[in-house]
Amino acid sequence: MTESSKQPAAAYVAAPRSLHYEFGGPAGALGVTLAVPFFTYWLAFACTEAQCPPWPMSRFIEFHADGLKAMRTEKWWESLWSWEAFAVYMGWYLFCVVCDIALPGKEVQGAQLRNGKRLTYTMNAFSTMMLTFALIGAWTYKFGPNALLYIPYHWPQLISAALAWSTFLATFVFFQSYIGDQMLALGGNTDNAFYNWFIGRNLNPRLGDFDIKAFNEMRPGLILWIVIDFSMMAYQYATIGRVTDSMILTVAFHSWYVFDAEFNEPAILTTMDITTDGFGFMLSVGDLLWVPFTYSYTAYYLALHPKDIGLLGCAGVVAVQLLGYWIFRSSNNEKNEFRLGRNAKNLQSFQTERGTRLLTSGWWGRSRHPNYLGDWIMAWAWCLPCGFTTPLPYFYPIYFAVLLVHRQQRDDEACAHKYKKDWETYKKLVPWKIIPYVY
Ligand SMILES: NC(=O)C1=CN([C@@H]2O[C@H](COP(=O)(O)OP(=O)(O)OC[C@H]3O[C@@H](n4cnc5c(N)ncnc54)[C@H](OP(=O)(O)O)[C@@H]3O)[C@@H](O)[C@H]2O)C=CC1
Ligand SMILES: CC(C)=CCC[C@@H](C)[C@H]1CC=C2C3=C(CC[C@@]21C)[C@@]1(C)CC[C@H](O)C(C)(C)[C@@H]1CC3
């Protein structure tokens, strides 16, 4: 990965001072920093085979290799850390690093930076995922599905390993941002060091050509999510001797989502995370802990509470997933194609003074974030197979609604800043934020 400087250097401010806090400032940042790990452990401990959730939270889970069942333990904290699990986790992380460096992939230019330059990225996340699946397939073929049970047996230890590593990584890139002439994120250079560590000070932290942010966003956490799903499926198989239809559906939908993300890897380069946000604790813990260990929760729940939903239930859930995916993919494609200068559908748009055009018909004429709506509908399809015995598997669409509304507000602010009065005109043409006629 290299840096190209074909574009003329625009007004480049090396270290602009950020005057504006997001996420409620340092207090909000502290809240998220504590809440994310706490909630991840809580989800793991709260749901046992006996109850889900047990209330008040007095039970803690421990998986035993022999009994394959959750049991209460007096010394629950001993199940929180093991150097062996940390080594396994780091082995996985290093495997992803080696794949990033060694596997071939298309070279793609990122969005234009403030200094007029563009970074180059090698797109090989999809081949990393395929290689992982091939190795897991070979491993399972040789040793049987029980070989995947390391993950559920060491669940809290693996959570701790991911938390420790993501904290270290955020701290490392924070100090790295002071070395040399780094491009800082506009929102990550306030007077408060803790807030900067949380939100991300460095826009594109790199070690040589290795892009730390793009790597973490697409590989170790996202692919691990599906590996975890497979291990939960193996756990269910080991416990009841078969895999239920609900488990097949939730794992198929998750795999589909990640497969789609990795297949369309270049699309990540125009997301807010890559173009605008720095890489700090929020993204580091989001990518490495939150995504794999909470997005897989429906599979975790079904491993402990197997259920079948029958043909009609399956058909209903598949219909929800298809509807969500259709909106998500076709709207994202419409915008990506348009941004690449293609307009096969002859969609209407208007010219802004900034130079770029904004779509006003098709999906982007219906609401200002139709892709969020599709993504959110899919979120429901992932948890409906869990039934309605407990609200816990439904945490994802609830959290996701909060994340998407907050993200829409941040993007709206950023676009108002970018497009000035043109954004006001666009908002009159497309008044709905996410859900047409509702919000
Ligand atoms: N599963 C998860 O946890 C998460 C998933 N996502 C998903 O990631 C995807 C990307 O999301 P995100 O980056 O937040 O946002 P968007 O893909 O909606 O991109 C917003 C940008 O698109 C451009 N844009 C806005 N309106 C128009 C228009 N009418 N015509 C052309 N361009 C327009 C603007 O940038 P410009 O004009 O400068 O090009 C704007 O800043 C979404 O599908 C989302 O659902 C996001 C977060 C978490
Ligand atoms: C609670 C907390 C710490 C939240 C941090 C937010 C992150 C979890 C999310 C921010 C943007 C994300 C994206 C994806 C995963 C979740 C995070 C990291 C994404 C990789 C999922 C797959 C999609 O297809 C995507 C590639 C569009 C998407 C990009 C944004």
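1. Ligand 2. In this predicted model, 13 residues lie around ligand 2, and those that come nearest are Val36, Ala261, Asp273, Gly286 and Trp290. Helix 11 provides the largest share of this shell, with six residues. Sorted by class, the shell around ligand 2 holds eight nonpolar, two polar and three charged residues. Helix 11 spans residues 281-295 and has the highest mean pLDDT among the elements of the protein, 98.

2. Ligand 1. The surroundings of ligand 1 consist of 22 residues, of which Thr271, Leu359, Trp364, Asn371 and Asp375 are the closest. Two or more residues of this shell come from each of helix 13 (310-339), strand 7 (357-359), helix 15 (370-383) and helix 16 (395-419). Which element gives the largest share of the shell around ligand 1? Helix 16 does, with six residues. The classes in the shell around ligand 1 are ten nonpolar, five polar and seven charged residues.

3. Confidence. The protein has a mean pLDDT of 88, and 91% of its residues reach 70 or more. The pLDDT is below 50 over residues 1-13, a stretch that has 27 contacts in the model beyond near neighbours in sequence. Residues 56-72 also stay under 50 in pLDDT, and for them the model has 29 contacts beyond four places in sequence. Where pLDDT is low, the predicted coordinates should not be read in detail. For the model as a whole, the scores are ipTM 0.96 and pTM 0.90.

4. Overall form. The protein contains 17 helices and seven strands. Its C-alpha atoms fill a box of roughly 65 × 50 × 45 Å along the principal axes. How does the radius of gyration sit against what a compact globule would have? For 439 residues the globule value is near 22 Å, and the protein has 22 Å, so the two agree. Buried residues make up 37% of the 439. Of the contacts in the protein with a separation of 6 or more, 77% are between residues 24 or more positions apart.

5. Domains. The domain assignment divides the protein into domain 1 (23-308) and domain 2 (309-439). Taken over C-alpha atoms, the centres of domain 1 and domain 2 are separated by 24 Å. Their contact takes 24 residues from domain 1 and 23 residues from domain 2. On the side of domain 1 that touches domain 2, helix 1 (25-46), helix 9 (245-263) and helix 12 (297-304) each supply at least two residues. Helix 9 has the largest share of that side, eight residues. By class, the side of domain 1 that touches domain 2 comprises 14 nonpolar, six polar and four charged residues.

6. Gly241. This residue is placed in the loop between helix 8 (220-240) and helix 9. Is Gly241 buried or exposed? Gly241 is exposed, because 7 other C-beta atoms lie within 10 Å and a residue counts as exposed if the number is 12 or fewer. Gly241 and Val227 are 14 residues apart along the chain, and 20 Å separate their C-alpha atoms.

7. Backbone angles to check. Most residues other than glycine have a negative phi. Phe23 is not a glycine, yet has a positive phi of about 55 degrees. Phe23 is in the loop between strand 1 and helix 1. Because Phe23 has 18 C-beta neighbours inside 10 Å, it counts as partly exposed; the cut-off for a buried residue is 20 or more. Asn346, also a residue other than glycine, has a positive phi near 55 degrees. The place of Asn346 is the loop between helix 13 and strand 6 (349-351). With 7 other C-beta atoms within 10 Å, Asn346 is exposed.

Methods: Residues numbered from 1 in each chain as written. Chains lettered and ligands numbered in written order. Predicted model: local features only at pLDDT ≥ 70, side-chain atom pairs only at ≥ 80, totals over all residues. pLDDT = per-residue confidence, 0-100. Helix = DSSP H or I, 4+ residues; strand = E, 2+ residues; numbered from the N terminus. Contact = placed C-beta atoms within 7 Å. Rg over C-alpha atoms; globule rule 2.2 N^0.38 Å. Near = placed C-beta within 6 Å. Nonpolar A, V, L, I, M, F, W, Y, C, P; charged D, E, K, R; others polar. Domains from an automatic or database assignment.
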